[in-house]
Amino acid sequence: MRPISYSRVADVGTAIGTVSADPESAFLAGGTTQVDLMRIYVEQPRRLVDINDLPLTRVEELPDGGLRLGGLARMSDVAEEPAVVRRYPMVAEALLMGASPQLRNMATVAGNLMQRVRCSYFRDVAAGCNKRAPGTGCSALDGINRGHAVLGTSECCIATHPSDVAVALVALDAVVQTEGPAGRRSIPIDDFFLLPGQTPEREHPLTHGELVTGIDLPPLPVAATSRYVKIRDRESYEFALAAVAVAMSVAGGRITEIRLALGGVATKPWRARAAERVLDGAPADTDSFTRAAEAELASAVPHGMNAFKIELTRRTMVRALAEMAQREGTA
Amino acid sequence: MKSYQAIRTAPAPDSAVVRGPGEVAVRLRVNGETRTMSVEPRVSLLDALRDRLELTGTKKGCNQGACGACTVWVDRRRVLACLTLAISCENREVATIEGLAEGDTLHPMQQAFLDADAFQCGYCTPGQLMSAVALLAEGHAGDDAEIREWMSGNICRCAAYPHIRAAIRRVRDEQGGSGAAD
């Protein structure tokens, strides 16, 4: 790791002012990504600004009936927050299926959105990688790409977005609250994550020094009947091969409301809008679920070793939807 | 929707105190004692404990947050010392495996690990113990499936997992109940 200087700040204004004034600085929150990537020289800030003392750790009710997750709320705390468990179960489930208990005690929900990809070429400074070093090519296209994305890829980058909870947040249309040198703004979460396209080094619309202060969950009754299904190589403490966040309401055998997103298979947390269009108003049966999955995956592009993910995702979607419908039908 | 709103409080200028990049005096509370050392800000809590404070019970396994061998408690929560900077632990309470026993009396979890033969090479054991004691305090030791899930951040390449679970079950049952904090 390169030498760094360190500052610890106690308020949001100083944090933003300090980082935005110093192009070689970075925020330090839980550190689970930042310290890891500094140690392998993938990220090389000269100065860390420790924001762990900022008062952004709480989960609060919003006037509209929604919930605000403080940017510095720890994954473990949010996962056990009664209001999250009861009103947004797929958020709690996604959090608890991510990382390990120790990492969840450290990592913040804002940091979770800001985490970098796990592509082994991104993490290897000797390899070509357009995301880490624009213009050096994508080593994953013809490399070890079993874990890589089949949706939202470009010829520049096929790295999978690694977050679990972001998948649930995208399904819910959460809103990312930020504060930066130019002021505050609210960013719909689907706009927060950028497709790689020709600029895979740009992963989000934040400017340097802009801080994620909170994540708002909208009031959404259907979210109370939701779940997160994650398929991985081992039972625990592993990234997704395919994951599905689903919230669904069923009445009279038909789907009256559906929210669906995919993880582990796309370059950003993937809202499955094509599948939602098939499912909206359709009979809650296997035929609908299969047609929906196939509609979403029609645009999937395999890259050698990850071709299995398309069929795996189809099956995971059908299973998640069927289990949700069964639970709804017998509720 | 995405346009900036006028900020309520203007960001303060770059006014934060800068420490480093050379060595700076860092004061930590470790196992109830105040310890002062001179380290660069980039030094991890793991390296500070092992190399500066000679608390070598905490082990360096992967050094990238994957194995759990470096598990310690900061402010009573189990965390990974390899991904924590020592300087960021000022004003926090650090607890390591060296603080687990009461003098010459082993912590019940240490004794249970011995009795259940819950290790072979022993390298992961300090991390397993710090995780296991925290697990009971968190109340996540209801049954074997729960123990397995909530101990998944501690890898044991000797695969002593069944014996580790047996040791945790024993302490849980001695304490009475699901392991919820009392």
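Analyst: The model is predicted: local features need pLDDT of at least 70, side-chain atom pairs count only at pLDDT 80 or more, and totals for chains, interfaces and linings use all residues. Residues are numbered from 1 along each chain as its sequence is written, while chains are lettered from A and ligands numbered from 1 in the order in which they are written.

User: How many residues of chain A are in contact with chain B?

Analyst: Two residues are in contact if their C-beta atoms, placed from the backbone, lie within 7 Å. Chain B contributes 40 residues, and its partners in chain A number 40.

User: Which element gives the largest share of the side of chain B that touches chain A?

Analyst: Elements are DSSP runs numbered from the N terminus: helices (H or I, at least four residues) and strands (E, at least two). Two or more residues on this side come from each of α4 (144-150) and β4 (77-80) of chain B. The largest share, four residues, belongs to β4(B).

User: What is the mean pLDDT of chain B?

Analyst: pLDDT is the predictor's confidence in each residue, from 0 to 100. In chain B, 89% of the residues reach 70 or more, and the mean is 92.

User: What distance separates the centres of domain 2 and domain 3 of chain A?

Analyst: Domain bounds come from an automatic or database domain assignment. In chain A, domain 2 covers 59-114 + 163-217 and domain 3 covers 222-329. Taken over C-alpha atoms, their centres are separated by 21 Å.
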